Amino acid sequence: MTGTLRETMWFSPDQTFAEGRWYWGEYHEFGLDVKLTRALGAPVLAAAAPEALKTGTKGAEVHLYGATCLRASPRVKSISVPA
């Protein structure tokens with residue numbers, strides 16, 4: 001990546017989220033559309049791995065990634081996935 005990275009962002013009036021574009025290139029042809037959300041203390045689940053499990057799978061190890069949702073290690077009994 002060469003050149004200067006630029007950004008154009010719009011922030012919501014209550015400042016809970018922002019969206020816009022981070023880009024580079026002489027004609028702004030390369031870049032990312034971004035959306036930022038402020039963590040307000042409510043649980044936010046960002047990702048889970050593996051992405052899918054076969055129905056009826058038992059004993060699988062699942063990793064959860066997020067903000068404020070995993071402060072303490074959850075017990076297996078506290079996590080349920082609807083069929």
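**Rings and strands**

Modeller: Phe30 counts as partly exposed, at 44% relative accessibility (buried means under 20% relative accessible area, exposed over 50%, partly exposed in between, with a 1.4 Å probe and protein chains only). This is a predicted model, in which local features need pLDDT of at least 70, side-chain atom pairs count only at pLDDT 80 or more, and totals for chains, interfaces and linings use all residues. Residues are numbered from 1 along each chain as its sequence is written, and side-chain values use heavy atoms, with hydrogens and water left out.

Colleague: How many aromatic pairs are there?
Modeller: The count comes to 2 aromatic pairs, where rings of Phe, Tyr and Trp (its six-membered ring) pair if their centres lie within 6.5 Å; planes under 30 degrees apart count as stacked, over 60 as edge-to-face and the rest as tilted.

Colleague: Why is the pair of Trp24 and Phe30 stacked?
Modeller: The ring centres of Trp24 and Phe30 are 6.2 Å apart and the planes stand at 20°, so the pair is stacked. Trp24 is partly exposed, with a relative accessible area of 22%.

Colleague: Now the sheet: what is the order of the strands?
Modeller: The order is β1-β2-β3 in an open sheet of 3 strands with antiparallel pairing. Strands (E, at least two residues) are DSSP runs numbered from the N terminus, and two strands pair if DSSP finds at least two bridges between them.

Colleague: Which strands stand at the edges?
Modeller: β1 (6-11) and β3 (30-37) do; each has a single partner strand, so one side of each is left without a neighbour in the sheet.

Colleague: How many bridges join β1 to β2?
Modeller: There are 6 bridges between β1 and β2 (residues 17-24), and Trp10 stands opposite Glu19 in β2.

Terms used
Helix = DSSP H or I, 4+ residues; strand = E, 2+ residues; numbered from the N terminus.
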